[in-house]
Amino acid sequence: MDNIFSNWLERAIDEAMRLAVSSDRLDIVRLNPSTIAAHYSCKGLVLSDTGRVEEHGNFVVGFHIADDYLRRATNSMQILSCISPQNCFHPNIRGRACCIGKVAPGTSLVELLHRTYEVITWQEVAPNEFDALNPAACSFARNSPERIPVDDRPLRRRPASFQLGDMVVSS
């Protein structure tokens, strides 16, 4: 690992850890120098053994940042891996594969975490069967719009109060 990448990666993981501290729905574990596991406590969908689409509350996604990440655009499926559950149900998820779109060189880990959360919770969905990983989930999205998004809560907790000039505003 070169120094530029190593320093960038440390900052990226520190920012991701700070995001996790500011969230009720995200925990992060560093597995090795360039890999983390993100545990999302949110509502998403799974396909049961009986073929029913059901809500599920816990998702684990692995993020591996390759040594050349700062130099080349990459397909998100080379970075992300759905660890559990294996029966996630979304047009952009099939087995371990999870697509959050193209990733520009140096895209922040925090942005990747947010984009993944938006997919898991169905806040981000484009039901186009022609480029989907899961065409059945596309059909579900078109036929069940009242169930989308599955979880509309933000990933980051809203602050209880903030400073506005000389005034403190509470939410």
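Q: Where is threonine 107 found?
A: This is a predicted model. In it, threonine 107 sits in the loop between β8 (102–103) and α2 (109–120).

Q: Is threonine 107 buried or exposed?
A: Look at the relative accessible area. Under 20% counts as buried. Threonine 107 has 9%, so it is buried.

Q: Which residues does threonine 107 contact, leaving aside its neighbours within four places in sequence?
A: Threonine 107 is in contact with Trp8, Tyr69, Leu112 and Arg115.

Q: What about serine 76: buried or exposed?
A: Apply the cut-off again. Serine 76 has 0% relative accessibility, so it counts as buried. Its place is in the loop between β4 (74–75) and β5.

Q: Which residues does serine 76 touch, not counting those up to four places away in sequence?
A: Serine 76 touches Cys98, Cys99, Ile100, Gly101 and Val103. Now try a distance. Serine 76 and alanine 104 are 28 residues apart along the chain, and their C-alpha atoms are separated by 9.6 Å.

Q: Where is histidine 90 found?
A: Histidine 90 is in the loop between β5 (80–84) and β6 (93–94). Its relative accessible area is 1%, so histidine 90 is buried.

Q: Which backbone oxygen does the side chain of histidine 90 reach at 3.0 Å?
A: That is the backbone oxygen of glutamate 124. The side chain of histidine 90 also reaches the backbone oxygen of valine 119, at 3.3 Å.

Q: Which residues is histidine 90 in contact with, leaving aside its neighbours within four places in sequence?
A: They are Val119, Trp122, Glu124, Val125, Asn134 and Ala137.

Q: Trp122 is in that list. What is the phi of tryptophan 122?
A: Start with the general idea. Most residues other than glycine have a negative phi. Tryptophan 122 has a phi near 65°, a positive value in a residue other than glycine. Tryptophan 122 lies in the loop between α2 and α3. With a relative accessible area of 1%, tryptophan 122 is buried.

Q: How do I read a peptide bond? Which form does the bond from serine 84 to proline 85 take, cis or trans?
A: Most peptide bonds are trans. The bond from serine 84 to proline 85 is cis, with omega near -10°. Proline 85 is in the loop between β5 and β6.

Q: And what is the omega of the peptide bond from isoleucine 148 to proline 149?
A: Omega there is near -5°, and the bond is cis. Proline 149 lies in the loop between α3 (135–143) and β9 (161–164).

Q: In which sense do strand β1 and strand β2 pair?
A: Strand β1 (residues 26–32) and strand β2 (residues 35–47) pair in the antiparallel sense, over six bridges.

Key
Residues numbered from 1 in each chain as written. Predicted model: local features only at pLDDT ≥ 70, side-chain atom pairs only at ≥ 80, totals over all residues. Heavy atoms only, no water. Pairing = 2+ DSSP bridges. Helix = DSSP H or I, 4+ residues; strand = E, 2+ residues; numbered from the N terminus. Buried < 20%, exposed > 50% of the residue type's maximum accessible area, 1.4 Å probe, protein only. Polar contact = N/O pair within 3.5 Å; in protein donor to acceptor, adjacent residues only side chain to side chain. Contact = heavy atoms within 4.5 Å.
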